[in-house]
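Okay, everyone, thanks for coming. Let me put the structure up and then walk you through a couple of spots.

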Amino acid sequence: MVEAREEHLEDLVELALDLWPEAGEDDLRQTYADLLRSDRHKVLLFAAQDRYVAFIHLAIRTDYVEGSDSSPTGFVEGIYVKPDFRRKGISRKLVDQGEQWVRSMGCKQIGSDIYLDNRTSYDFHLSVGFKEAGRLIHFIKDL
């Protein structure tokens, strides 16, 4: 496991596109280039078979995090493991390492969110110790 740096940007963008295929490649590249320079974000990469196969993106949030009663709060902005490498404990290792960083940043809690219909992610979160804090439905109206 390594902390992502600028030299890992293309590998990170490739993994992020697997997780968020609707996102633009150039947008993700710019977003992660900026985040890698931030002290309030950390991205960890996991390698197997001489390539990066997983990542976790963590942030320190000072705005309200659903279910949290402390601030700042760590937050899992994204976590992804390539399908061929799932169910091998990689995501748990990423979360464990991420929790260490979040604690070192003064956080007493870590949050995350998923889409309501993402049962795989829901089960994963429960398996690594998260508990459901609530459910939200977001609305938008074009003007």
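So, which residue in strand 4 does Leu58 stand opposite? That's Val76. Before I go on: this is a predicted model, so local features need pLDDT of at least 70 and side-chain atom pairs count only at pLDDT 80 or more, while totals for chains, interfaces and linings use all residues. Numbering starts from 1 along each chain as its sequence is written, and side-chain values use heavy atoms, with hydrogens and water left out.

Back to strand 4, residues 73–81. Helices (H or I, at least four residues) and strands (E, at least two) are DSSP runs, numbered from the N terminus. Strand 4 pairs with strand 3, residues 51–61, antiparallel, over eight bridges; pairing takes at least two DSSP bridges between the strands. With strand 5, residues 110–112, strand 4 runs parallel, joined by three bridges, and there Phe75 has Gly111 as its bridge partner.

How enclosed is strand 4? Largely, because eight of its nine residues are buried. Buried means under 20% relative accessible area, exposed over 50%, partly exposed in between, with a 1.4 Å probe and protein chains only.

Now Lys42, in strand 2, residues 41–48. Lys42 counts as buried because its relative accessibility is 14%. Leaving out residues up to four places away in sequence, Lys42 touches Glu3, Ile56, His57, Leu58 and Trp101, where contact means heavy atoms within 4.5 Å.
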